Amino acid sequence: VVRGEAGKEALGTRVRFALELAEDRVGAVRYRAYGCPHTLAACEWLARQLEGRVFTVGAFAVGTFAGGALEALGISTPLEWIERLGLPQAKLGRLLVIEDALRAALAQP
Amino acid sequence: MRPIGVDPIYLDYAATSPVDPRVAAAMGECLTRTGNFGNPASQHVFGRRALARVEAARAQVASLIGAPAAQIIWTSGATESNNLAILGTARAARARFAGRRQPHIVTSRTEHKAVLDPCRRLEKDGCLVNYLLPDALGIVDPQQVREAIGEDTVLVSLMHANNEIGVLQDIEAIGACCRERGVPLHVDAAQSAGKVPIDLSNAPVDLLSLTAHKLCGPKGIGALYVSPQRRAELQPLMFGGGQERGLRSGTLAVHQIAGFGLACELCAAERLEESRRVGALRERLWEGLRSIGGTLLNGHPTQRVPGILNVSFPGIEGESLVAGLTELALSTSSACNSDSDEASYVLRALGRDTQTAQSSLRFSLGRFSVGEEVEQAVAAVRREVERLRAVAP
C-alpha cells in the first residue's frame, strides 16, 4: 500500500490517498478529503477510476517514475477531469491538490 | 436527503420572510379598480382615498418604533434607507463644510454591505470613515464610539441587530455618547424591528432604517425615521415629484405601503408571544446542534434577537456542509461558491479563522417556523457533520 497526501486545511483543501498495488495493477483505493463538494466528488471518481488499472508495459516500478505514474495508469489530467465531471474552472486549484496527493503516493519507493 | 418534489425547510427568515396572508389580502385591496389603486398625490377621490391609506400605514409603522408618524419617510427598503441616511447626511455636511473640512463618519466592520458600501463610496469622495472593531462576541463598546467621535464627525451609523449573527448593540448607550457630542446616530434596524422593543420616544436615535420583508411584509418597501432635529441636515438622493417632503421623490406604492403598515401592526400585537416562541425554538436548535459536539456559537449568547443562530463546525468544510443539507434552506456565512472562497467578513472581524468562518451556518427562524422543523434540521446537520468528519484526513 502506498500513501500520498497534499494540501492544507487552512487553504481549503487537504487530500490523502492510499493505493493498494498488486503485481502490475492497482487494487483497492481509499481516500480521505477535506474540501468542497467538487473535491470530494473528484476524489471518489478518481478512486473508482484507479481501481483495477493496469500499468503500461515497462512502466511498473513504483518510485522510479515519479513524474509519470498517473500517465502510466492512463489517468487523464485535472483539466480533463473538469471537462469529464462538469466542474467549474475555478476548482482547478483544488483538483491539482488531488493530483499532487496521487503523484505523492505513486512516487513512494 | 430531500425527497424529490418536497420543498426544503425554510430557515432563512433573516434573508427574507414569506408575506403573511393577512398582509397579502390588505395589499390586494390596493391594486384593483374597486380598491385603493389611486395615486396618493392626485386631488380626486381616488387619490384622497389612497392618501388616507398611506397615512394610516405611516401611523402603523411609526407606532411599532414609538415615533410620530410625520417622521417616517417611505423608501424602497433598508438599503435605500441606509443610503439616504449616510449619503444624504454626508452631502449636507459637505455643503456646510464647503471644502474647508472633511466630513467624518463612524461605523463598524460588521455592518451590512448597505452601510459599508455607501461609506466606502464616501471615502472615494474625500470623506473620512472609522470602522470600529467589535469584541469577540460582536459587541461595539460605547466607549469606542465616544473615542472615535471627533470635531468633524457628522454621523455615527451602527446596526441594531447584526444580520449574520443576530447580536444586538446597546443603542441607548451608544446614542447617549452621540448626544453628548451632538453627533446624529443612524441605526439600521432591519433585523430588529418587530423582534425586540424599539421606542424612539426615549431612545437617542436620529435616523432609523426599516424594511417590510423581514416582518412578513412585502419586498420593495421600507422606511427611514428622521428625527425633526436632523431633517434639515439630510439631502435627498432622488429628485422628481417632491414626495415625502422632498426627501424621497417618486409615486408612492400604496399596496406596498399598506402591506408594510399591517405587517408592523401585526408584529406589534404579536411580538411578545412570538419572541418567546421563536426564542424557545432557537434555544432548542442550539441545544440540538451543540450536542453534535465541537459546535461553536458565533456572537453574544444572550444579547441577541430571538430568531438568529449562527454556529461554526471547526474541521468541516463549509461548502460541502451546505451542499449536503439539501433539505434545509439556510444561509452559509462562508460565501464560498465556485467563484469565491472568501469567508464571512463579520465572523473574521470577530476573530474566527478563515476555515472556522467558512464552516458556519446561519439559521434564522420566524413566524411560520415550528418545532418539528427544528428537530429535522438538527438531524440533518448531525448527519452531514458526521459524514464529513468521517471522510476528513
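Student: What should I know before I start?
Tutor: It is a predicted model, where local features need pLDDT of at least 70, side-chain atom pairs count only at pLDDT 80 or more, and totals for chains, interfaces and linings use all residues. Residues are numbered from 1 along each chain as its sequence is written, chains are lettered from A and ligands numbered from 1 in the order in which they are written, and side-chain values use heavy atoms, without hydrogens and water.

Student: How many helices and strands does chain B have?
Tutor: Chain B has 11 helices and 13 strands. These are DSSP runs numbered from the N terminus: helices are H or I with at least four residues, strands are E with at least two.

Student: How much of chain B is buried?
Tutor: Of its 393 residues, 58% count as buried. Buried means under 20% relative accessible area, exposed means over 50%, and partly exposed is in between (1.4 Å probe, protein chains only).

Student: New topic. How many salt bridges are there over all chains?
Tutor: The structure holds 31. A salt bridge is a side-chain nitrogen of Lys or Arg within 4 Å of a carboxyl oxygen of Asp or Glu.

Student: Which residue does A:K91 form a salt bridge with?
Tutor: A:K91 pairs with B:E319, and their closest N and O atoms are 3.1 Å apart. A:K91 lies in the loop between α3 (78-85) and α4 (92-106) of chain A, and B:E319 is in helix α8 (residues 318-324) of chain B, so the pair joins two chains.

Student: Is A:K91 buried or exposed?
Tutor: A:K91 is buried, at 1% relative accessible area. B:E319 also counts as buried, at 11%.

Student: What about B:D12, which partner does it have?
Tutor: B:D12 forms a salt bridge with B:R362, with the closest N and O atoms 3.0 Å apart. B:D12 sits in the loop between β1 (9-10) and α1 (21-28), and B:R362 in strand β13 (residues 360-364), so the pair ties together parts of chain B that are 350 residues apart in sequence. B:D12 is buried at 12% relative accessibility, and B:R362 is buried at 8%.

Student: And where do B:E287 and B:R290 lie?
Tutor: Both are in helix α7 (residues 254-290) of chain B, 3 residues apart, about one turn of the helix. B:E287 is partly exposed at 40%, and B:R290 is partly exposed at 42%.
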